[in-house]
Amino acid sequence: MNANKKIYNSLKYMSLISQLGISVVAPAIICIWGAIWIKSKFNLGDWVVLVGIFLGIASGISSFANYMKMFLKDVKKEQKEYENKFKN
């Protein structure tokens with residue numbers, strides 16, 4: 001039973017790390033791609049790409065912060081379960 005729990009936790013954390021990477025990188029790529037498309041479509045200056053880069057970075061940071069909040073909440077929950085297991 002203990003080995004199964006270790007495998008489950010390992011797979012759980014590997015999937016969380018993968019999801020974190022995707023949720024941080026994807027908004028940045030989409031914003032930059034969108035800014036380049038808008039620049040070429042409407043013949044705007046390079047400032048549009050800079051705005052896209054900043055928006056992409058900001059959305060990636062926001063996604064990271066929300067994800068870490070959720071992760072820390074999950075860790076605290078597991079810690080309380082672990083403490084309760086040994087109190088009883």
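Tutor: The crossing of H1 and H2 is right-handed, a crossing being right-handed if the near helix is turned clockwise from the far one by less than a right angle, and left-handed if anticlockwise. Helices here are DSSP runs of H or I with at least four residues, and strands are E runs of at least two, numbered from the N terminus. The model is predicted: local features need pLDDT of at least 70, side-chain atom pairs count only at pLDDT 80 or more, and totals for chains, interfaces and linings use all residues. Residues are numbered from 1 along each chain as its sequence is written, and side-chain values use heavy atoms, with hydrogens and water left out.

H1 covers residues 2-42 and H2 residues 47-87; their axes come within 8 Å and cross at roughly 165 degrees. Axes are lines fitted to C-alpha atoms over the stretch in contact, with angles from 0 to 180 degrees between N-to-C directions. H1 and H2 are therefore roughly antiparallel, the word for angles over 145 degrees. The contact of H1 with H2 draws on 19 nonpolar, seven polar and four charged residues. Nonpolar means Ala, Val, Leu, Ile, Met, Phe, Trp, Tyr, Cys and Pro; charged means Asp, Glu, Lys and Arg; the others, Gly among them, are polar.

As for the whole protein, its secondary structure comes to two helices and zero strands. Its radius of gyration, taken over C-alpha atoms, is 20 Å, well over the 12 Å that the globule rule (2.2 Å times the number of residues to the power 0.38) gives for 88 residues, so the protein is more spread out than a compact globule. The C-alpha trace spans about 70 × 20 × 10 Å along its principal axes.

Technical notes:
Angles under 35 degrees count as roughly parallel, over 145 as roughly antiparallel, 65 to 115 as roughly perpendicular and the rest as oblique.
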